[in-house]
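Dear colleague,

Here is the structure I promised to pass on. My notes follow below it.

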Amino acid sequence: MNVGIVCPYTWEVPGGVQAHIRDLAEALIEDGHKVSVIAPAADDAGLPSYVTPAGRAVPVPYNGSVARLAFGFLSANRVRKWIREGGFDVLHVHEPAVPSLGVLACWVARGPIVATFHASYERSRAMSVAAPMLQSALEKITGRIAVSEAARKTLVEHLGGDAVLIPNGVTVRRYAEGEPLPGWGPDGDVIGFLGRMDEPRKGLAVLLEAFALLAPERPRLRLLIAGPGDPDDVLGRVPREYRDRVGLLGMVSEADKVRAYHSVDVFCAPNLGGESFGIVLTEAMSAGAPILASDIPAFRRVLDDGQAGALFTTGDPAALAREAARLLDDPERRAKLSDEARQAVWKYDWSTVAREVVRVYETVTHASAGVVEDALP
Amino acid sequence: MTTTLILVAAVVVVLFAVYVSWRAGRLDRLHIRLETAQAALDAALLRRAAVCLELAGSRILDPATSLVLAAAAHEARTAGPDEREHAESDLSRTLRAVVDQERFREKLAEHPAGAALLEELDTAVAKVVYSRRFYNNAAAVTRAAQRRWLARTLHLAGHTDPPRFFDIDDEPPESLASG
């Protein structure tokens, strides 16, 4: 099958949606399908051969955080050209409610279109104003996939209609083994975090507060943080005397990310919400890192209600500190959580997930002539 | 001798009373000026959000641009007092990202309704800048007046809190500023 996949977020910046698309694309290619991905990216970036750049994305405030999105007439023209030349059997758009390439693709294309919804919101003002404007683009979507029950609920509440549930996948074998980073754990004293440092919903602030609570009693405790953001801003929120115990890796390569998961005694996911699935969690699970996560519904589900990772009250630094201390003092429990996580994560492996997605493609392409360019509305 | 003293004291008391009432009157005028400036600022912000929403709903733009703009304008329009500065700054940033797209002005001008909307947007953006400067000036003067020794001792300002400055990023899009 010839599949065109549309990514709404900048390819070079690591994120859940980008990683999802990359892994799906690679799993599909491995399965013998032809795949082309269009994504916002600077033209000269070192992209995989299956990615077509759609130009630079612009940072704009959207729905409570700053997103790098591609919009405007120029981006629309690039998507149009890609569709015209691609000759796809099916178009697979990700996050079509985000003002970026996804909604543009729905605008300029006609034919079998599958859309995957990733995000979940409690209540989104942006979405409530967006829904009527999205209507004509969303009406073209023939098959809808939600990556989590929360994402599905968001979709039903904000846009109406329903979707099939196909959870995110993880390439388990990619994370299973890794050499710890030099100078880090696991040695019983390292807590790890991975994600955007400047994105409030990722909850780094909660972890930093908890670290300040734990650090005085635990002179060897260290914090390993990987992800893009302003280092000075992060260090500014740590009491001066503990700053040399915080390691900021910045944006890490895939290889270093795997190594980072293997360098911690407790991997912390303090997200405050808005997370539909937590791809970061399944990666950490594949690496067998003992996990401590906020008890948002998505995390609770992935971690089997605390079987495959410890949970703490969302947004509560004291609760985080308390649970982290318990884990750090209990190597046996850490080992048990690690084993449970490695087991539980197999049902999220990409090979399983990609097969499900192909079934959706087959359903919508039944008796169809493929994707063509649509005349301007 | 005593008569002279009493007379002098009386004159001093009268002069002081006149002075106090003059200061109180000035403070009162400053408060009125502040309220007027605040109303103007509020109107300018609402107008800017309204023009953005109209542009977003005009079907002249591509749907992604419309969405970005509509979401930011909606946030700004519905933000509570504590979130307002943040939401309005976000709208300014979004406007810059939208309007500073390559060939945005030309593309909009091709459309019959586009040119008029751009003109309206120009005006709305400029008025936010102006009215915010004027409001902050009024706030600064009022705060200084409220802080003076006499005003504090005699409670001339009553129990009103010192006015807050309205602190936002209202930098207009480049193509508007120069156009």
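Which residue in β10(A) is the bridge partner of A146(A)? L165(A) is.

First, the conventions. This is a predicted model, in which local features need pLDDT of at least 70, side-chain atom pairs count only at pLDDT 80 or more, and totals for chains, interfaces and linings use all residues. Residues are numbered from 1 along each chain as its sequence is written, while chains are lettered from A and ligands numbered from 1 in the order in which they are written. Helices (H or I, at least four residues) and strands (E, at least two) are DSSP runs, numbered from the N terminus.

Now the strands. Pairing requires at least two DSSP bridges between two strands. β8 (residues 113–117) and β9 (residues 143–146) of chain A pair in the parallel sense over four bridges. There, A115(A) has R144(A) as its bridge partner. β9(A) also pairs with β10(A) (residues 164–165), in the parallel sense, over two bridges. With helix α5 (residues 149–159) of chain A, β9(A) and β10(A) make a β-α-β unit that is right-handed (strands pointing away from the viewer, the path from the first strand over the helix to the second runs clockwise).

Next, chain B. A72(B) sits in helix α2 (residues 63–78). Why is A72(B) buried? Because A72(B) has 30 C-beta neighbours inside 10 Å; the cut-off is 20 or more other C-beta atoms within 10 Å, with 12 or fewer for exposed, partly exposed in between, and C-beta atoms placed from the backbone. Its C-alpha atom is 8.2 Å from that of E88(B), 16 residues apart along the chain.

Best wishes
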